[in-house]
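Here's a quick tour for someone opening this structure for the first time. Take a look at the sequence and the model, then read on.

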Amino acid sequence: MKPTTVRIEDCAEVRSGFSAKGAIESEPDGAVQVITAQHLRKGEPYLYREEHTLRISPSRSTEKYHVIPGDILFMSRGANNYAVLIADIPQPAIAPLTFYILKPKANVLSPYLAWCINQEGVRAQLNEIRTGAGTPLIPRREFGEIVIPLPPLEVQRRIAAVADLQARERSLLHQLVEETERLHRLTGQQLLSRLAHDPKE
């Protein structure tokens, strides 16, 4: 059976991120955690770590910008647009203006929607609606109009399971690269240290 075709706005509420006045700087006693792009990786669910702490105390209400596990963040600015599923984040948390906050509806599974947005067919549609030269932008209205396939929930669940395995593989490969680079740096430091003590070695 051919899956139903829907617009993104038919299966998720699309909200703009929080607009801050000036640069966001961490406040020790801040009331709200801010999610930043530097801590996200395309294709991998976001899991909060202690070193990601960035808390602020905005002077106005942030309720409509709150992000909870199961929500999806979409990078709306720049030429590299992608979706990230939020798996774990302290509450309350918000996302800045560089993101759209997607609140999935009952007809879609969050992992499936995040996976679907990152596929080439959807990326082609994003390329068609991207505007601006200096800082490209995906307009929110046009983003909501993008068409995606929406199979039954059981099919979505199976696709999400495969996507999860792919994300785990990607994460392990990333950890392997980081550890290899660390060992290379350590080896280099040891060799330089030996040469400094005995250049003949």
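This is a predicted model: local features need pLDDT of at least 70, side-chain atom pairs count only at pLDDT 80 or more; totals for chains, interfaces and linings use all residues.

Residues are numbered from 1 along each chain as its sequence is written, and side-chain values use heavy atoms, with hydrogens and water left out.

**The sheet**

- Three strands make an open sheet with mixed pairing, in the order β5-β3-β8. Strands here are DSSP runs of E with at least two residues, helices are runs of H or I with at least four, and both are numbered from the N terminus; two strands pair if DSSP finds at least two bridges between them.
- In general, strands of a sheet pair through backbone hydrogen bonds, either parallel or antiparallel.
- β5 (55-56) and β8 (93-94) sit at the edges with a single partner strand each, so one side of each has no neighbour in the sheet.
- Strand β3 (residues 32-34) runs parallel to β8, and two bridges join them.
- Look for V34, which stands opposite I94 in β8.

**Helix α2 and A114**

- Helix α2 covers residues 110-117, and A114 is found in it.
- Six of the eight residues of α2 are buried, so the helix is mostly covered (buried means under 20% relative accessible area, exposed over 50%, and partly exposed in between, with a 1.4 Å probe and protein chains only).
- The buried ones in α2 are S110, Y112, L113, A114, C116 and I117.
- A114 counts as buried because its relative accessibility is 7%.
- Leaving out residues up to four places away in sequence, A114 touches I72, A83 and L85, where contact means heavy atoms within 4.5 Å.
- A114 and S76 are 38 residues apart along the chain, and their C-alpha atoms are separated by 14 Å.

**The cysteines**

- How many disulfides are there? The count comes to zero, with a disulfide taken as a pair of cysteine sulfur atoms within 2.5 Å.
- C11 is in no disulfide, and its nearest cysteine sulfur belongs to C116.
- C11 is buried, because its relative accessible area is 0%, and C116 counts as buried at 3% relative accessibility.

**The pockets**

- The largest pocket holds about 450 Å³ of space. A pocket is an open set of points on a 1 Å grid over the protein atoms alone, where a 1.4 Å probe fits, with protein on both sides within 12 Å along at least five of seven lines; lining residues have an atom within 4 Å of a point.
- Its lining has 18 residues, and R41, E44, P45, R49 and S171 lie nearest the centre.
- β4 (46-47) and α5 (153-197) are the elements giving two or more residues to the lining of the largest pocket, and α5 provides the largest share, seven residues.
- The second largest pocket has a volume of about 370 Å³, and of its 19 lining residues, G43, E44, W115, N118 and A163 are the closest to the centre.
- β7 (83-88), α2 and α5 each supply at least two residues of the second largest pocket's lining, and the largest share, seven residues, comes from α5.

Terms used. Grid points are joined across faces, edges and corners, and a volume is the space filled by probe spheres set on the points.
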